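Here is a short briefing on one chain. Look over the sequence and the model first, then read on.

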Amino acid sequence: DSFLKQHYVRARRIARRRLWDKDTSDAGIPRNLIFTYRHNILDTKEPKILYDNVQHTIKAYAEAWGETDPNVIFLSDDKCANLVSKIMPLLSPHFWEEYRGGHR
């Protein structure tokens, strides 16, 4: 069990390193950070623990991408619902039926 766990952790580190080192800027893949939560944490700065995590994530990607101001998009539940209704109207009623916000 311990042996498998050590190799799993090592494999994840290697995969993560390779992902971070891979330059996708010329591949036509836009470098966007997209966050979702019931409200825009970047505006409210609450809950603080999540705000700090978002800031840490933005900083980590900015450093990895060599950018000073990465494109960050934050979608509240209302904004997500609006996008879902525009892009896939059939799913729109189900968005709010999902009682666990993290699964929306």
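Residues 24 or more positions apart make up 52% of the chain's contacts with a separation of 6 or more; contact means heavy atoms within 4.5 Å. This is a predicted model: local features need pLDDT of at least 70, side-chain atom pairs count only at pLDDT 80 or more, and totals for chains, interfaces and linings use all residues. Residues are numbered from 1 along each chain as its sequence is written, and side-chain values use heavy atoms, with hydrogens and water left out.

**Fold and surface**
- The chain has five helices and two strands; these are DSSP runs, numbered from the N terminus (helices: H or I, at least four residues; strands: E, at least two).
- Read from the N terminus, the order is α-β-α-α-β-α-α.
- Of its 104 residues, 18% count as buried (buried: under 20% relative accessible area; exposed: over 50%; partly exposed: in between; 1.4 Å probe, protein chains only).

**Asp77**
- Asp77 sits in helix H4, residues 77-87.
- Asp77 counts as buried because its relative accessibility is 11%.
- Beyond its neighbours within four places in sequence, Asp77 contacts Tyr37, Arg38, Phe95, Trp96 and Arg104.

**Pro30**
- Pro30 lies in the loop between helix H1 (2-21) and strand S1 (32-36).
- Its relative accessible area is 58%, so Pro30 is exposed.
- Pro30 and Asn71 are 41 residues apart along the chain, with 9.1 Å between their C-alpha atoms.
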